[in-house]
Amino acid sequence: MKELIAKHIVDQYELEESSDILTIKTHKDSLLGVMSTLKNNKELDFVQLTDICAVDYYTYGETEWGTKEATSTGYSRGIKPSSHGRIKFEHKAKHTRMKNRFCVVYHLLSISNNNRIRVKVYLSDEPPVIKSLTPLWPAANWYEREAFDLFGILFEEHPDLRRLLTDYGFIGHPFRKDFPLVGNTQIRYDPVLKKIIQEPVDITPRVLVPKVIREDK
Amino acid sequence: MKEFKNFTMNFGPQHPAAHGVLRLVLQMEGEVIKSADPHIGLLHRATEKLAESKPYNQSIGYMDRLDYVSMMCNEHAYVLAIEKLLNIEIPERAKYIRVMFDEITRVLNHLLWLGAHALDIGAMSVFLYAFREREDLMDCYEAVSGTRMHATYYRPGGVIRDLPSKMPKYVKSSFKDNNQLDIQNYNREGSMLDFIEDFVSRFPSCVDEYENLLTDNRIWKQRTVGIGIVEPDRAIELGFTGPMLRGSGIDWDLRKKQPYEVYDKVNFDIPVGKTGDSYDRYLVRMEELRQSNKIIKQCIEWLKNNPGPVMIDDAKVAPPNRENMKVEMESLIHHFKLFTEGFCTPKDEVYTAVEAPKGEFGIYMISDGANKPFRLKIRAPGFPHLAALNEMSKDHMLSDVVTIIGTQDIVFGEIDR
């Protein structure tokens, strides 16, 4: 596989370490070239686009229950709420801009060779912008609409980039890691005004288990 | 001549043929559809985001609620992903139990699909027959996990408990006398495997019964033959999987091509369609019912002869034995750690897919080494199918949209997630 890819792909790419599927990393400008080679080359023959997944790497590897620094009184066991499950809109994190914050992951399947490949593109801008794959695969249409809706990733030359899963008139991109799990607004029917109203959410975040990272495996 | 203009019609979200909460905005020219724009997300529960805020084991129940007619297959993909992250191997018996329940789930799903699809396009009685057989399999779900639908039976490391040695029976009430009880309990005297064995022996004749009602039925054929044709190459490009892809004539089934658990040890065939219309997909699914039946039969035979553990013996992943917990310090600590914090997985990312009844159900999981997944992406088979609704229903009549929704086997739990 690796040789075949090296032989056929002329655009820029790198191989990434991965334990299951062969993973290649490419730049957003060479994405279309890499993808059309993967699809149209008869030896590679990745004819099906299985999935497009957007990832927000903000808070990657951050633990809420660190036990590293010991003081004279022992370990500090205070939980620092940092994950989306434990934050509210008010204490929104300040530094949400980071390099390679977003990533779009494509999974391709070759039916004739019976193998899969994963293609990753990291994005740094705000809003993140990437080329649409709809000219190559019609299946990309809804996957990209979903990624736009939930992560705010813009797909250039997408024929119809509307929200897909959230409500009509929804504000924000709910699967970003700085979007609280309890949401920002809630909707109810007001019997006095006789209409549906939106108001700030009044539930408290209640995630019981803190995020813990243990490396002693 | 009077002039007609195109008009826009709203279909759903509360429409019995929409299979849940689908809103379609249809551009009509008379009774012919020019374009269909599905509005989805009315059942969006942010399963992926919820799973990112919980320890691994606590999200298994959410997986049942995705495609809520093929519960255990969803769990299967999820636990496979965790097992791949942890790099653990589960006991052989657990593998057979999983395969058996995957196939029971496939039968459950296809029976519901058959009943609902037939009901949508005008055949009432198939629905009643299909639900009669579903009831027995639901009882198996209940016997093994305690619930009829949302089982949470598969766990990382195996399945939570072994198959019960007794099948629950109907009890006497003011509505049932002893005679009725004897009739209802005749196949419940032995173990659960005996009960399934009895089911498996009579199920092929049930499938014959459904086929008698539909396969050569003139109305059925008028409603399905030539409706929603998808060419093989197009089906691949549109991301179709499962019976939708096989109906178009492509021999692709993950159970055969990328076997997981013990699918490489059981004997079964993959039915493939020819023309790619709704009728072919119906035939493919009917044959899948028979093939699933065959797989269940082989699993029963193996399970009867090979007792053994059904859960991995690793207290870091699976809860320790309850008795040991009372006497051993270490078991108690493991139990406490597992249920308060869960287990951590190594920093890695995996994609696992199973052949769910509707197609390829995939889980893409990124772990940053924590006790919760950093990102969980669910690849639902129905999602690309529904995305192709516009293309499939173009230039068909309004009533054919119902056929196409039916033939796609749409379930909103998995599409909206």
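A disulfide is a pair of cysteine sulfur atoms within 2.5 Å. Keep that cut-off in mind for the first stop, and remember that you are looking at a predicted model.

**Stop one: the cysteines.** Select Cys140(B) and show its side chain. Which cysteine sulfur is closest to that of Cys140(B)? It belongs to Cys299(B), and because the two sulfurs are 13 Å apart, they are too far away from each other for a bond. Cys140(B) is also buried, with a relative accessible area of 1%. Searching the whole structure, over all chains, turns up 0 disulfides.

**Stop two: the sheet.** Next, switch to a cartoon view and pick out β6, β7 and β8 of chain B. These 3 strands make an open sheet in the order β6-β7-β8, with antiparallel pairing. Why do β6 (348–356) and β8 (375–379) of chain B each have a side without a neighbour in the sheet? They stand at the edges, so each has a single partner strand. From one strand to the next, the twist averages 10 degrees.

Zoom in on β7 (residues 359–367) of chain B, which is joined to β8(B) by 5 bridges. Select Ile363(B) here, and you'll find Ile378(B) of β8(B) standing opposite.

**Stop three: the helix.** Finally, select residues 71–86 of chain B. This is helix α3, which lies across β6, β7 and β8 of chain B and runs at about 150 degrees to β6(B).

Notes: Residues numbered from 1 in each chain as written. Chains lettered and ligands numbered in written order. Predicted model: local features only at pLDDT ≥ 70, side-chain atom pairs only at ≥ 80, totals over all residues. Heavy atoms only, no water. Pairing = 2+ DSSP bridges. Helix = DSSP H or I, 4+ residues; strand = E, 2+ residues; numbered from the N terminus. Axes fitted to C-alpha atoms, helices over the stretch in contact; angles between N-to-C directions. Contact = heavy atoms within 4.5 Å. Buried < 20%, exposed > 50% of the residue type's maximum accessible area, 1.4 Å probe, protein only.
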